[in-house]
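Work through the two exercises below with the sequence and the model at hand, and compare your own steps with the solutions.

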Amino acid sequence: MNSYDIIKRPVLTEKSYAGIPAKTYTFEVAKNANKVQVKKAVEEIFGVKVENVTTAVVKGKLKRQGRTQGHTPDWKKATVRLTKESKAIEFFESLS
């Protein structure tokens, strides 16, 4: 699996913005990716050193349109904390 297949997109929420000064970043990742694969993918794509990775599966929500209802798909979220001596990810620096 390619590194760009593992990291799908950054998650940009109020909670994820609060972690940027502490070098903690949140990404949507592939559901079958484990912590080791996420760590290697972030280090390869952004050129940083990762200290810790936590993952969580986010359950889809119930969505209704009239009397028809369905669920949004489940997705996996990874929170990545960089080491103190590592440089910050440039994409997130412009956001804080």
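On a 1 Å grid over the protein atoms alone, a pocket is an open set of points where a 1.4 Å probe fits, with protein on both sides within 12 Å along at least five of seven lines, and lining residues have an atom within 4 Å of a point. A volume is the space filled by probe spheres set on the points, which are joined across faces, edges and corners. The model is predicted, so that local features need pLDDT of at least 70 and side-chain atom pairs 80 or more, whereas totals for chains, interfaces and linings use all residues. Residues are numbered from 1 along each chain, and side-chain values use heavy atoms, without hydrogens and water.

**Exercise 1.** Describe the largest pocket by its volume and its lining.

Solution. Begin with the space in the largest pocket, which is about 180 Å³. Next, list the lining, which consists of Val11, Thr13, Lys15, Ser16, Gly19, Thr24, Thr26, Trp75, Lys77 and Thr79. Two or more of these residues come from each of helix H2 (14-19), strand E2 (24-29) and strand E6 (75-82), where helices (H or I, at least four residues) and strands (E, at least two) are DSSP runs numbered from the N terminus. Finally, sort the lining by class, which gives 2 nonpolar, 6 polar and 2 charged residues.

Note on methods:
Nonpolar A, V, L, I, M, F, W, Y, C, P; charged D, E, K, R; others polar.
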